Amino acid sequence: MCGIVGYIGLREAAPLLLQGLKRLEYRGYDSAGIAVLNGEMRVVKQKGNVAALGEAVAACNGSVSGATLGIGHTRWATHGDPSDRNAHPHVSGEGDIALIHNGIIENHAALRTELTKHGYRFASDTDSEVLVHLIDHLWKQIPFLDFEGAVRQALTIVDGAYGICVISSREPEKMIVARKGSPLVIGIGDGEYFVASDAAPLIEYTRRVVYLSDGEMAVLLRDGFSVKTIDNITQEKAVTELDFELGEIEKGGFEHFMLKEIYEQPMVMHDVMRGRVRLEEGLIQLGGIADRLEQLREAKRIVICACGTSWHAGLIGEYLIEEFARIPVEVDYASEFRYRSPIIGPGDVMIVISQSGETADTLAALRLAKERGALVVGICNVVGSTIARETDCGIYTHAGPEIGVASTKAFTAQVIVLAMLALALSKDKSMSEAELTVALQCLNDLPDKADRILESNEAIRDIAALYKDASNFLYLGRGYNFPVALEGALKLKEISYIHAEGYPAAEMKHGPIALIDEEMPVVVIAPKDNTYRKVLSNIEEVRSRKGRVIAIATEGDEEIAQLADHVLHVPHAAPFMMPLLTVIPLQLLAYHIATQRGCDVDRPRNLAKSVTVE
Ligand code: AGP
């Protein structure tokens with residue numbers, strides 16, 4: 001969950017590294033550092049964010065200037081608390097090797113003991129530091145071993161996940177990078193190369209990138225680079241052309257990335273369906289799974305695995321696939337699935353959902369299912385991510401880069417992909433051609449409806465002002481809107497730090513109703529569907545205990561206004577589409593409550609955008 005960057009070329013490395021780290025700060029921001037080589041190894045690192053590091057670099061009166069080779073790191077601590085000495089880069093005893101690492105070295109304790117026996121002294125409490133000393137040790141111990149050989153040797157010894165960049169004043173004309181379990185991308189320039197955890201820092205310099213795969217290592221020189229496996233087998237790597245604009249990364253005039261991404265949802269809905277929802281032909285075309293569609297249709301059962309917000313999308317996927325494709329579905333937290341002895345095998349399908357495509361638990365669940373012979377389908381947003389590349393087939397969500405740690409547009413895109421998948425599997429199962437065409441029309445009408453909901457942003461901001469000091473919130477929904485209640489509660493928790501719970505509305509009577517009094521705001525998702533009347537009686541139960549009710553209701557529903565303290569209307573749509581509309585007011589409510597409480601919604605405490613360790 002750290003951000004790593006590297007540069008080798010003809011330009012000043014330090015400013016490029018700092019700029020790159022700024023773009024990766026959503027991956028981790030508790031400490032940062034750079035190391036550059038200008039004849040000597042120069043390291044500047046400290047606790048705090050990248051802006052503070054920039055000041056420290058500026059204050060070291062030019063000792064880093066003139067360097068055209070360097071590495072940089074922004075951290076999200078796992079081993080060793082955020083501090084100057086635990087910040088990366090870590091250097092060898094003589095200071096002539098510098099290394100940055102994203103991931104976890106699982107056998108670090110044993111290696112530390114071993115290296116200490118050989119006289120190595122450790123300057124930090126991190127797992128990462130063992131790697132730089134191990135490289136130094138092997139380089140000194142094994143005759144005729146060069147820098148590349150020492151790094152390769154070391155990587156055959158360590159266990160765990162890593163994305164690393166290493167430089168050394170002993171061989172000052174190269175940078176060595178490698179990955180296993182953590183992402184790494186190489187950007188190809190003219191006579192210069194960039195390395196980063198993802199493409200965000202690269203786009204302003206080049207569109208030509210190479211994604212490293214697990215178990216690969218690259219040696220970058222100013223006039224070229226080579227990729228081999230850790231076992232020294234040369235790899236021919238495809239060059240990918242990046243397809244997003246820098247502007248997409250910038251805030252586009254919004255105060256926060258989260259708000260910008262909430263407002264991007266109508267456009268994202270278009271992008272997800274573009275070329276896939278074929279209204280004229282009355283069909284759904286999903287190229288990424290086309291050659292597996294039959295296998296999917298014949299699946300004995302489908303297991304959906306994911307984490308966090310993606311898991312909530314998976315729950316809606318269960319409702320959609322069972323309703324339209326009539327295939328039994330179970331939804332699992334990936335972290336639970338991988339450690340319970342799950343039953344999965346040939347004939348089964350696993351769908352893994354991940355915005356980043358790097359979430360460790362989801363990746364592990366995917367690998368377990370593949371090992372057991374199930375077909376694994378991926379739904380990912382980050383193109384070229386590990387999960388995307390390791391699945392048998394998949395569907396990209398095309399939501400564009402999602403920078404805000406609290407996922408919004410990626411969730412919407414995931415639900416639309418699941419709806420398209422369910423409809424694509426529904427043929428001759430639950431829907432006539434006419435019914436399918438109606439459903440496709442519903443999908444097509446979504447972006448305009450979402451646009452209309454964004455017009456109630458001010459009204460939502462005013463409601464937020466009334467409840468920003470609440471200490472608890474309850475979210476209730478039924479059917480397709482139960483997972484939306486969970487998602488609304490998660491959004492509020494992760495950016496405002498208010499305790500919130502989502503529940504199936506009917507479950508309230510079995511416990512949570514005890515929490516309700518005049519201090520408890522209760523958000524009730526109550527569109528006009530087959531459970532509407534039931535939800536109205538749930539609202540009555542809340543009101544009779546003086547709970548404050550914020551209702552998400554269908555446009556034109558005046559009856560509910562008699563019962564609720566506040567009503568936020570969303571346009572009417574088919575029940576299976578409603579989650580895509582009812583979630584938007586909940587995203588905005590959480591956003592406004594958090595900003596009015598002075599929370600940094602783009603970089604909420606204790607959270608990182610991509611959870612690459614378990
Ligand atoms: C959601 O707002 C959170 N950032 C988090 O729960 C996230 O959904 C989870 O970590 C899964 O991430 P993924 O979709 O990238 O796998």
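Reply: The crossing of α3 and α4 is left-handed. This is a predicted model. Helix α3 covers residues 108-117, and helix α4 covers residues 129-141. Their axes lie 10 Å apart. The angle between them is about 45°.

Now the residues that touch. From α3 come His 108, Leu 111, Arg 112 and Leu 115. From α4 come Glu 129, Val 130, His 133, Leu 134 and His 137. Sorted by class, this contact holds 4 nonpolar, 3 polar and 2 charged residues.

Follow the chain on from α4. The loop between α4 and α5 (147-157) holds Phe 144. Phe 144 is not a glycine, yet its phi is positive, at about 65°. Most residues other than glycine have a negative phi, and most peptide bonds are trans. The peptide bond from His 88 to Pro 89 is cis, with omega near 5°. Pro 89 sits in the loop between β4 (69-75) and β5 (90-91).

Next, a second helix pair. Two packed helices are described by the angle between their axes and the distance between the axes. For α8 and helix α15 (residues 433-454), the angle is about 170° and the axes are 8 Å apart. α8 is therefore roughly antiparallel to α15. The crossing of α8 and α15 is right-handed.

On the α8 side, the contact uses Pro 266, Met 269, His 270 and Met 273. On the α15 side, it uses Leu 443, Asn 444, Leu 446, Pro 447, Ala 450, Asp 451 and Leu 454. By class, the contact of α8 with α15 has 8 nonpolar residues, 2 polar and 1 charged.

Rolling a probe the size of a water molecule over the atoms shows where empty space is left. The largest pocket has a volume of about 720 Å³. Its lining has 41 residues. Closest to its centre are Phe 244, Asn 381, Val 382, Val 383 and Pro 401. β14 (240-241), α6 (246-249) and α8 (265-273) each give at least two residues to the lining. α8 gives the most, with 3 residues. The lining divides into 17 nonpolar, 10 polar and 14 charged residues.

One more pair remains. Helix α10 spans residues 308-324, and helix α17 spans residues 482-496. Their axes come within 9 Å and cross at roughly 170°. α10 and α17 are therefore roughly antiparallel to each other. Gly 308, Thr 309, Trp 311, His 312, Leu 315, Ile 316 and Tyr 319 make the contact from α10. Facing them in α17 are Phe 482, Pro 483, Val 484, Leu 486, Glu 487, Leu 490, Lys 491 and Glu 494. This contact counts 9 nonpolar, 3 polar and 3 charged residues.

α8 is roughly antiparallel to α15. α10 and α17 are roughly antiparallel to each other.

Notes:
Residues are numbered from 1 along each chain as its sequence is written. This is a predicted model: local features need pLDDT of at least 70, side-chain atom pairs count only at pLDDT 80 or more; totals for chains, interfaces and linings use all residues. Side-chain values use heavy atoms; hydrogens and water are left out. Axes are lines fitted to C-alpha atoms, for helices over the stretch in contact, and angles run from 0 to 180 degrees between N-to-C directions. Helices (H or I, at least four residues) and strands (E, at least two) are DSSP runs, numbered from the N terminus. A crossing is left-handed if the near helix is turned anticlockwise from the far one by less than a right angle, and right-handed if clockwise. Contact means heavy atoms within 4.5 Å. Ala, Val, Leu, Ile, Met, Phe, Trp, Tyr, Cys and Pro count as nonpolar, Asp, Glu, Lys and Arg as charged, and the others, Gly among them, as polar. On a 1 Å grid over the protein atoms alone, a cavity is a set of points where a 1.4 Å probe fits but cannot get out, and a pocket is an open set with protein on both sides within 12 Å along at least five of seven lines; lining residues have an atom within 4 Å of a point. Grid points are joined across faces, edges and corners, and a volume is the space filled by probe spheres set on the points. Angles under 35 degrees count as roughly parallel, over 145 as roughly antiparallel, 65 to 115 as roughly perpendicular and the rest as oblique.
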